[in-house]
Amino acid sequence: MSEAWNRVAGRVPTGLLIGGEWVAGSAGVLEVEDPSTAEAFVEVAAGDESDMLAAVAAAHDAGPAWAATSPRDRAEVLRRAYEAMIEQVDEIATVMVLENGKAYTDAVGEVRYAAEFLRWFSELAAHVHGQSGRAPAGDKRILTNRRPVGVALMVTPWNFPAAMATRKIGPALAAGCTVVLKPAKLTPLTANYVGRLLVEAGVPDGVVNIVTTASAGAPVAAALADDRVRKLSFTGSTEVGRILLEQAARRVVNCSMELGGNAPLVVFDDADIDLAVAGAMVAKMRNAGEACTAANRIYVHEAVAGAFTEELTAAMAAQKVGPGLAEGVEVGPLVDQATRDKVEELVASAVDAGGTIRTGGNRVGERGWFYAPTVISGVEAGSPILGEEIFGPVAPIVTFTSDDEAVAAANDTPFGLAAYVFTGDLARGLNIAERIEAGMVGVNRGLMSDPAAPFGGLKQSGLAREGGTEGLDAYLETQYIAADW
């Protein structure tokens, strides 16, 4: 057992959180592995359908009292949880590195980002208002109330285990909903840590429940089939999202879906190359490229392609790869062997299609799931690496000659989550941004996520939005009352 885990182990529950208690799982235990060593370092409880339904029952029973709690009191709970996350940022980041593999600096950034969702929605909790007015016909008054949707089932991914949890839990609690969170089996410890902080912040028993499972399919399907579940919030692949939407449709469950992406990053001939490379490094290398918003396809105008490629290659080659807690490390391991194998296959396909590796293109070290930061130039349109999420530290570069060509290439995907545009002409950048089919576009920025902004995609990248005021709306329903007085 590692020294780092010994330092934080006492703060991390390893059971299932159901009805305010940390309990054993009906399906035994799961091993949690450190991606930097490919070795297990702790076991956590594993639940099954019975545990999931017990959590649903606890959330349902706690629902009326929590919905009746004053908005100010709900806000104070979220605010206390925010403060606790900030105070314990080092411990949470350490836990995240151990189970996820990301570099410590990335983990600290995620914890601070995750905490901000709790603060943001604590500030919105007291601002949920209905309306009152006289009908145009003059025959009645129109009254509207905003009320919580009800029990919310949340399914979160492994790549941002803190932020994906708080981005869903924060607005749900602010709205007066109770929740059942099913974290990814690869990263249950961060979710449990956040759950403990929420309990200590004053969340009543049953309001927040956490059930980790070895296999998500049957337990999630059981919850979606239960009449007590009225909301599904899912972050993950489009393939799984389609399955969950089909299941949710049987009972017309309210859905928020944040699905896959295939983000283009477009560098025009008038761009500041230093700024574009710095932005590309952020957009590509956050969490070693294991992000749905990661720049997956880099389109560079042929007039500046040489300079951009040379500078990006130098920046990628300079990245320090190693265990996430080691000093100075900027790129940790990928999360598991399957992820690294997929990255290797995509890089090989790009080379087979005529691409040239400028740096990287290889595994790093003798154990763990490390892969070198990689730049591939000369990638042709239609190459397999451009058609799906890489989810790794690989930057394929494609050249273009005109604005229309760049826009057409950027939109040549069924996905539309994020995109990035770099140009010295703001009017040109905004015009291009409006033409790109993506829910979020960064103009001369490689990082655009913000708790106060709506996060979500177009096309097959999802439904609804998280964050911003829209994130709270997703957990509220409008009731209309016609009245005379």
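A38 sits in the loop between β3 (29-34) and β4 (39-45); helices (H or I, at least four residues) and strands (E, at least two) are DSSP runs, numbered from the N terminus. The model described here is predicted, with local features needing pLDDT of at least 70 and side-chain atom pairs counting only at pLDDT 80 or more, while totals for chains, interfaces and linings use all residues. Residues are numbered from 1 along each chain as its sequence is written, and side-chain values use heavy atoms, with hydrogens and water left out.

The backbone at A38 deserves a look. Most residues other than glycine have a negative phi. The phi of A38, in contrast, is positive, near 60 degrees, in a residue other than glycine. A38 is partly exposed, with a relative accessible area of 26%; on this scale buried means under 20% relative accessible area, exposed over 50%, and partly exposed in between (1.4 Å probe, protein chains only). A464, which is not a glycine either, has a positive phi of about 70 degrees. A464 lies in the loop between β21 and α15 and is partly exposed, at a relative accessible area of 37%.

The structure holds 20 salt bridges, a salt bridge being a side-chain nitrogen of Lys or Arg within 4 Å of a carboxyl oxygen of Asp or Glu. One of them joins the side chains of E466 and R167, at 2.9 Å from N to O. This pair links distant parts of the chain, with E466 in the loop between β21 (462-463) and α15 (468-473) and R167 in helix α6 (residues 163-175), 299 residues apart. Both E466 and R167 are buried. These two residues belong to a network of salt bridges that links R167, K168, E258 and E466.

Another salt bridge brings together the side chains of K102 and E110, at 2.4 Å from N to O. K102 is buried, with a relative accessible area of 3%, and E110 is buried as well, at 2%. The closest N and O atoms of E388 and K342 are 3.4 Å apart. Here too the pair links distant parts of the chain: E388 is in the loop between β15 (374-377) and β16 (394-400), K342 is in helix α12 (residues 337-352), and 46 residues separate them.

Helix α12 also carries E345, which counts as exposed at 57% relative accessibility. The C-alpha atoms of E345 and T293 are separated by 21 Å, the two residues being 52 apart along the chain.

Helix packing comes next. Two packed helices are described by the angle between their axes and the distance between the axes. Axes are lines fitted to C-alpha atoms, for helices over the stretch in contact, and angles run from 0 to 180 degrees between N-to-C directions. The axes of helix α3 (residues 71-87) and helix α5 (residues 104-124) come within 8 Å and cross at roughly 160 degrees. That makes α3 roughly antiparallel to α5 (under 35 degrees counts as roughly parallel, over 145 as roughly antiparallel, 65 to 115 as roughly perpendicular and the rest as oblique). Contact means heavy atoms within 4.5 Å; among the residues that meet across this pair are L78, Y82 and M85 in α3 and V111, L118 and F121 in α5. By class, the contact of α3 with α5 has eleven nonpolar, one polar and five charged residues. In this classification Ala, Val, Leu, Ile, Met, Phe, Trp, Tyr, Cys and Pro are nonpolar, Asp, Glu, Lys and Arg are charged, and the others, Gly among them, are polar.

Helix α5 packs with helix α4 (residues 89-100) too, at an angle of about 125 degrees and with the axes 8 Å apart. That makes α4 oblique to α5. The residues in contact include I92, M96 and V97 in α4 and Y104, V108 and E110 in α5. By class, this contact of α4 with α5 has nine nonpolar, one polar and three charged residues.

Finally, H301 is found in strand β13 (residues 295-301). H301 is buried, with a relative accessible area of 10%. Not counting residues up to four places away in sequence, H301 touches V267, F268, D269, F400 and T401.
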